[in-house]
Structures are given as C-alpha cells and as structure tokens.
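Here is a friendly walk through a sheet, one of its strands and a few charged pairs. Please have the model open as you read.

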Amino acid sequence: MIKNDLFLKALRGETVERPPVWMMRQAGRYLPDFMKLKAKYDFFTRCRTPELATEITVMPIHQVGTDAAILFSDILVVPQAMNIEVEMKPGVGPWLPTPIRDRKTLDQVVVPNVYEELGYVYDAIKMTKQELNNEVPLIGFAGSPWTIFCYCVQGQGSKNFDKAKEFCFTEPEMAHELLQKITDTTIAYLKGKVEAGVDAVQVFDSWGGMLSPVDYQEFSWPYIQQIIDALKEDIPVIAFGKGCWFALDVMAKSGASALGVDWTCSARNARYLSGGNITLQGNFDPSRLFSPPKDIKKMVHQMIDEFGKDRYIVNLGHGILPNIPVENAKAFVEAVKEYK
C-alpha cells in the first residue's frame with residue numbers, strides 16, 4: 001500500500017483532508033542536482049539510462065516534497081520508437097531532420113514493438129518504484145497524438161505549427177493515418193507502463209490549443225479518447241490540454257479520472273464547463289513562481305479556495321520553468337500542506 005495516497009484518493013473523487021500537490025516537469029531543470037547530471041549526460045542518455053531516470057524522478061520527492069512522482073522521460077521517445085529520428089539540439093530543442101510530409105516519409109513510420117524499442121522506460125519504472133518504496137504514487141505519461149504529430153510534421157518546436165496544420169488541411173487522409181499510428185503506439189506504450197507499475201497516467205496535449213474547437217474534435221480529441229478508452233479500466237487517466245478550455249465539457253464525459261487546466265481558465269469556469277463532478281488539476285501560472293514565497297503561499301491558498309479541496313489536485317498550469325528558485329517551488333508545495 002502507498003503510504004501517501006492523497007493523489008490517488010483525489011483521482012477517485014474521495015474526500016481528503018487537503019488536496020494533493022505535484023508539478024509538471026518537477027523532475028528536472030530547476031533543481032541544481034539535475035543540472036549537474038545534465039552537464040554530464042546528454043538529454044536522451046538521461047532518458048534511456050534507467051538509473052539516471054530513477055535518480056531524477058525521485059529528486060523532487062526528497063527535495064521539494066510533492067505528493068506524487070512523475071517519471072523522468074520525454075514525449076518524443078514515442079516517435080523515436082516509430083522509426084522517426086529525433087535529436088535534442090542545444091538552443092533549438094527538439095529537432096526532427098526528416099519531417100513527415102508525404103507518402104514516402106509516412107510509409108517509413110512504423111507501429112513498433114514497444115517492449116523492444118522502449119524497454120528502457122519500463123526498466124526505469126520498475127527501478128523507480130523500488131526506490132520510492134511506496135512513499136508516493138508514480139505517474140507515467142505520454143504526449144497526445146496531436147502534440148506528437150505537430151513535432152513529426154513541423155520538424156521542430158513552433159509558435160503556430162503552421163506546417164503541421166497545413167498537412168492536416170491539405171492531406172487529411174495521410175494526417176489521420178499518421179495520427180492513428182501514433183495513437184496505436186501510445187496505447188501499447190502506456191499499457192506497458194501500467195504493467196511495469198505506474199499508479200496513474202497523464203496524456204499531455206500541449207499543442208491542442210493551436211486548433212480551433214471544430215478542428216480539435218477532428219484532429220486531436222478522438223485520438224485521446226481512444227487512449228482513455230483503452231486504459232480507463234486499468235488505471236486512472238488524466239487528460240491535460242493546454243489552451244483547450246473549450247473542450248472541457250467533452251473531456252468530462254470521456255471516462256478520464258481528472259482533467260488538467262491551464263492558467264488562462266479560472267477555477268469557476270473550469271468547474272462550470274466540466275460539469276462540476278470531475279477531479280480538476282492545475283492551474284497556477286508557472287511564471288507566478290517568481291513571486292516572493294509569502295505571495296506564492298497566499299495565491300495557492302486562494303486557488304484551493306476557488307477550486308475547493310475535494311476533487312482537486314494542485315499543480316501548475318504547465319511545466320515548471322528552468323530558472324525558478326527551488327525555495328519558491330518548496331513554498332508552492334508547503335502552501336498546500338499548510339492548507340486548512
């Protein structure tokens with residue numbers, strides 16, 4: 001039994017003495033010990049070495065005190081497994097030298113054997129579970145098919161993913177074929193994570209808000225729904241769409257255990273749009289962690305008051321920023337633990 005199961009209770013909609021707290025991207029770049037490892041090992045080496053992934057995953061539990069751990073990895077290990085080359089270029093971020101933009105490149109994309117191609121992730125999960133020793137739950141994650149698709153077609157990060165959208169609108173059949181391949185791979189990948197021992201999974205639709213509400217229902221949401229349908233009987237699923245407040249009503253009926261909310265949607269609107277009966281997660285503006293610790297604590301208490309302590313998981317509205325002081329991250333977590 002997990003000693004601190006607040007996070008799992010919140011996912012089940014149970015009454016809690018206080019809401020649980022964790023932070024997206026908590027295993028990483030704002031922690032000095034992480035930066036030491038970063039100086040020694042390149043990005044994908046850290047992802048592919050179970051010992052390193054475990055060490056990084058457990059860091060914030062010991063150093064910041066969150067109520068759940070999230071496995072250190074990256075959403076782009078999925079396209080790598082699908083025979084798509086992905087590099088992490090300094091100063092550029094994700095770089096895919098051969099973007100998928102025609103029939104020839106699409107035909108080279110495979111739905112892999114995830115146990116062969118991504119076995120290092122499952123090894124990291126088993127090792128991390130051992131290291132955590134049932135202190136807190138472990139979250140596994142994947143990017144949404146649309147978000148992965150954006151990188152695969154664009155070839156790199158983008159402010160508007162214009163090439164990815166152009167491919168959808170000029171070659172919709174090929175776009176849906178690629179989205180389905182990513183979906184099939186993601187379902188198999190997450191099922192493997194469940195077998196390896198994660199306690200919940202989160203699907204990150206980081207670029208969902210790039211689509212209009214109508215296009216979202218064609219090119220993103222149906223594929224996330226497939227993932228939820230495939231996993232919801234086995235494990236709690238959190239769906240997080242950045243900028244996707246317009247889809248909260250549909251998401252709430254999906255069978256997901258919780259929905260992530262970003263900082264552009266108020267607690268009141270999120271509760272209203274989602275129907276008021278589903279666990280919500282979020283939605284502190286990551287930049288607000290630059291505020292003085294006493295202000296952070298005040299704002300966190302106000303945020304909990306607005307969402308309500310039950311059916312609620314305290315989190316940021318997106319990933320923690322690299323230059324946030326560790327004491328401010330601690331203040332964010334302590335504020336939740338002090339909440340009465």
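Seven strands, in the order S1-S4-S5-S6-S7-S8-S9, make up an open sheet with parallel pairing. Strands here are DSSP runs of E with at least two residues, helices are runs of H or I with at least four, and both are numbered from the N terminus; two strands pair if DSSP finds at least two bridges between them. The edges are strand S1 (69-70) and strand S9 (312-316), each of which pairs on one side only.

This is a predicted model, in which local features need pLDDT of at least 70 and side-chain atom pairs count only at pLDDT 80 or more, while totals for chains, interfaces and linings use all residues. Residues are numbered from 1 along each chain as its sequence is written, and side-chain values use heavy atoms, leaving out hydrogens and water.

S1 is joined to S4 by two bridges, with alanine 69 opposite leucine 138. Five bridges then connect strand S4 (residues 138-143) with S5 in parallel, and phenylalanine 141 faces glutamine 202 there. On to strand S6 (residues 237-241): five bridges tie it to S5, also running parallel.

How many residues of strand S5 (residues 200-205) are buried? Six of the six are, so S5 is largely enclosed by the rest of the structure; buried means under 20% relative accessible area, exposed over 50%, and partly exposed in between (1.4 Å probe, protein chains only). In a regular strand, side chains alternate between the two faces of the sheet. Ala200, Gln202 and Phe204 point one way from S5, and Val201, Val203 and Asp205 the other.

Aspartate 205 stands opposite glycine 241 in S6. Although buried, aspartate 205 has no salt bridge, and lysine 242, the nearest side chain of opposite charge, is 11 Å away. Lys and Arg count as positive and Asp and Glu as negative, with His and the chain ends not counted. A salt bridge puts a side-chain nitrogen of Lys or Arg within 4 Å of a carboxyl oxygen of Asp or Glu.

Elsewhere, the whole structure holds 13 salt bridges, including these:

| Pair | Closest N and O atoms |
|---|---|
| Aspartate 5 and lysine 9 | 3.9 Å |
| Aspartate 67 and arginine 18 | 2.8 Å |
| Lysine 36 and aspartate 33 | 3.4 Å |

Aspartate 67 is buried at 1% relative accessible area, and arginine 18 is buried at 12%. By contrast, lysine 36 is exposed at 56%, while aspartate 33 is partly exposed at 30%.
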